[in-house]
Amino acid sequence: MFSGKVYGALAGAAVLALSAGAAVAQPKDKVKVGFIYVGPVGDHGWSYQHDQGRQAIEKAFPGKVTTTFVESVPEADSERAIEQLARTGHDLIFTTSFGFMEPTLKVAKKYPNIKFEHATGFKRNPNLSTYAAKFHEGRYIIGQIAGKMTKSNTIGYVGAFPIPEVIAGINAFYLGAQSVNPNVKIKIVFANTWYDPAKEGDAAKALLDQGVDMLAQHTDSPAPIQAAEARGKFGFGQASDMERFAPKAQLTAIVDNWSDYYVARTKAVLDGTWKSEDTWGGINAHMVVMSPYKNMPDDVKKLAQETEAAIKSGSLNPFKCPIMGQDGKEIECKGKGALSDEQVLGMNFYVKGIEDKIPQ
Amino acid sequence: MRFELTPRTHVSPVMRALAPVAAFITAFLIAGFVIWLMGRSPVAAFDVYVLQPLSDPWALQELLVKATPLALIAIGLSYCFRANLWNIGAEGQYVIGAVLGGWLALKTHGTEAGAWVLPLMLLLGVIGGALYGLIPAFLKTRFGVNEILTSLMLVYVAQLILDYLVRGPWRDPKGFNFPQSVTFDPSATLHPILEGGRVHYGAVFAAIAVLVTAVVLGRTLFGYRLKLTGDAPRAARFAGFSSKATTMAVFAISGGLAGLAGISEVSGQIGQLQPSISPGYGFTAITVAFLGRLNPVGILLAALVVALTFIGGESAQILLKLPLDLTQAFQGILLMCVLAADAMVSYRIRFATRGGGK
C-alpha cells in the first residue's frame, strides 16, 4: 500500500505538470457514466446490485446523466472494454471486480482527464479511486443468527475463492456464531467461481448432505439458498435480497448497496469536486444493508437487531482483539483495539475453532 | 417427409469460395431480423458491429490483439484436425506455456537479467505447451486412450496448476494475499510493435505461423503425410507412414503454438500471472480452425472475423445498449451458417417423401 501511495503521488505530479492547470476539475452539465461488470446483470447477486446502483444514478439526475454498462467481461480481456468506454465519451467509469485492477490502472494512466473507480482493489492514481464495503460486518450478524438457530451445531459456508475478502467473511461469520454458541462447527466449500449456479448448488448440496442445517454463501447466485429451501433448511441471501428465491429459507440477506456511493460520486463529477479516494464503508455508511429478519424466533431477531445497532454505532467491531489464530496463538493486534484495516484486507488465516485449512 | 444429404459428384470451386460469403449474409439477415424485432435499427447495428471497427484505427489494432492468440492456437490445431486427431486441450497447453515461460519472468524479477530473458521465456512457452500436448499423444499411441477426453481433462489440470501457483508459491508478497504474481519486469515483457500501441510481437509470430504452415501443408512430404493419415489411415500405413510418429508430431506442434500464444499473452498483454489468463481462447480457437476450414489463410481470416464479433459486440453493448446474449447468439448463428453453407456446397439436399418417419 505504501509503495502504491508514493507511486500515485509521483504520477499525480506528472499529470499536473503535463496538463498545467487542466487538472482542476470543472463543473459539468452532463455526465456519462460507464460500468464494467464481471458477471451478467441477471446474476441477482454482485453485478445485479452494481446495476441497481447504475439505475439509481439515472433516477437521481434525470436529464443530466446517461449510463452504459458492459456485462460478463472476462478479467483477462477487460482492458479493451474499459478503453472502449473511455473512448466513447464517458466521464466516470466504474470497474466492479478485483480482477479489473491492473487493466483499470493502465487505462486510467492513458486517459488522465477521465475519472475511474475500481471496486475492491488497492491501486490508486490521481484519477482512479477505489471503493469496497465491509461485508464482514453483515457476516458477523448472520453468524450470530446461524449460531443461535442451528440444531445440528454444524453450519455450512459456500465460498467463492480463498481470497482475503472471503476469508475475512468466513472468520467474521464464525466469530459471530462462536459468540453465541461456543461449540458450533463450520464446514467450508470453495466453489472456485463467483457465479455458476450449477457448481454453487452442488457445493451447497454436498454441505447439506454432511448435516449442516444453516448455509451461508459468498457466491453470487441464489443456487445455494435455493438448495437450503428445497431441503427445508435455512440460509442467507448474498449481495441482494434473495427472498423471492427462498421465501421460507432466507433468514436475512447481506445487501450490497452501491446506490448511495454511486450517486455521490456522480454528483462529485457534476460539481467538479471529484477526488481520488479510498472508500471502505460498512453498515454505518449504508453500503452494507441487512434485509428484513424473517423466519426466526423473536429473541434471535432481537439479538440480530442489537448487534446491527452496535456495529452501526461503532461499539462493536467483529475483529476486536484479542483474535486467536487456528493454533490458539493470539494474532498481533495492529489496529486500535481491533485488527487494522490492512490486516482485514489481507487476511489469510482462519480463526481458532475452524478446523479446515485455507486452500493454498 | 424427411431430408437426405447425398454427396455431390462435382463440387464447383466457385461455389466453395462463395459459400462463406453467403453464410455471412444469411447470418447478418437473421441477426438483423432479431434486432429489428427488438425495436432497434439493424442498419445501425451493422454499422456499429462491422463498419465502425473496420474503419477505426484503434479498433483495428484491438482486432489484431484479439485475433493473435486465436490465430496462433487455431493454426496449431489445424495440424491435429487435418490428421483426424482431436486436440481439445489447447486451452491447457496455452496455460502451461504461460506458466513455464512465466516462471523465468518471476525467477529473473528484480535482477539485472538482460535481453536474453524474453527469447528464453518464449522458447520455454513453446516447450511447455508442446510437452503438455505430448501427454495425450503419448497416452493415445501407447495405451490407445481417447485423446479427446485426456486433452480436455488436462485443461482443468493446467488451470488448477496455475491457480495453485498464483495463490501459493508465486503470489506477489506485496499483493495483500490476492492471487496474482508480481508484474513482469520490462526485460520480460513482449513489447508492442509500435510504441504506445497494444499490438505486440505475438501478431508477428501468428503471421509467421500462417506462412510456414501454408508451405508445410502444401509443399512438403509431412503435409502430405498429415492429409493421408487423416483421410485414409490404411493407405498411410501402407505408404510406410507411422501413425504414432504423426500423432506425436502434430500434438507437439499444436501444443507448442498454443504455449507460444499463452506466454505471448501473459508477457505482452496481461503482464503478470493470475488465476485466469484466457477468456477461453483455446476453445474459441477450435471454432476458428473450422471456420477457416483448416486452411492457414482461412484461419487467419476466421480469427479476424471472430475477433470482430467480440469487439463489435462490446461496441453494440456500449453504443446501442444491445445485450451481450445477442452477441453470443450471433457468434453461434455465424458458425451454423458457415457450416451449413459448406454442407450445401458438398452435398445435395433431397426431400424424400417415402420410407422415412414413423
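In what order do the six strands of the open sheet in chain A lie? The model examined here is predicted; local features require pLDDT of at least 70 and side-chain atom pairs count only at pLDDT 80 or more, whereas totals for chains, interfaces and linings use all residues. Residues are numbered from 1 along each chain as its sequence is written, and chains are lettered from A and ligands numbered from 1 in the order in which they are written.

In chain A, the open sheet has the strand order β7-β6-β8-β9-β10-β12, with mixed pairing. Strands (E, at least two residues) and helices (H or I, at least four) are DSSP runs numbered from the N terminus, and two strands pair if DSSP finds at least two bridges between them. The edges of the sheet are β7 (185-190) and β12 (288-290) of chain A, each of which pairs on one side only. Within chain A, β9 (residues 234-239) and β10 (residues 250-256) run parallel and are joined by four bridges; A:Gly235 has A:Gln250 as its bridge partner in β10(A).

Chain B contains 13 helices and two strands. Its C-alpha trace spans about 75 × 60 × 40 Å along the principal axes. Of the 358 residues in chain B, 46% are buried (20 or more other C-beta atoms within 10 Å of the residue's own; exposed, 12 or fewer; partly exposed, in between; C-beta atoms placed from the backbone).

Between the chains, 22 residues of chain B are in contact with 25 residues of chain A, contact being defined by C-beta atoms, placed from the backbone, that lie within 7 Å. On the side of chain B that touches chain A, α3 (57-82) and α12 (296-320) of chain B each supply at least two residues. The largest share, five residues, comes from α12(B).

Several backbone features were also identified. Most residues other than glycine have a negative phi, and most peptide bonds are trans. A:Ser72, in the loop between β2 (65-70) and α3 (79-87) of chain A, has a positive phi near 50°; this residue counts as buried because 20 C-beta neighbours lie inside 10 Å. B:Arg293, with phi near 55°, lies in the loop between α11 (281-291) and α12 of chain B and is partly exposed, with 16 other C-beta atoms within 10 Å. A cis peptide bond, with omega about 0°, joins A:Cys321 and A:Pro322.

Terms used:
Two residues are in contact if their C-beta atoms, placed from the backbone, lie within 7 Å.
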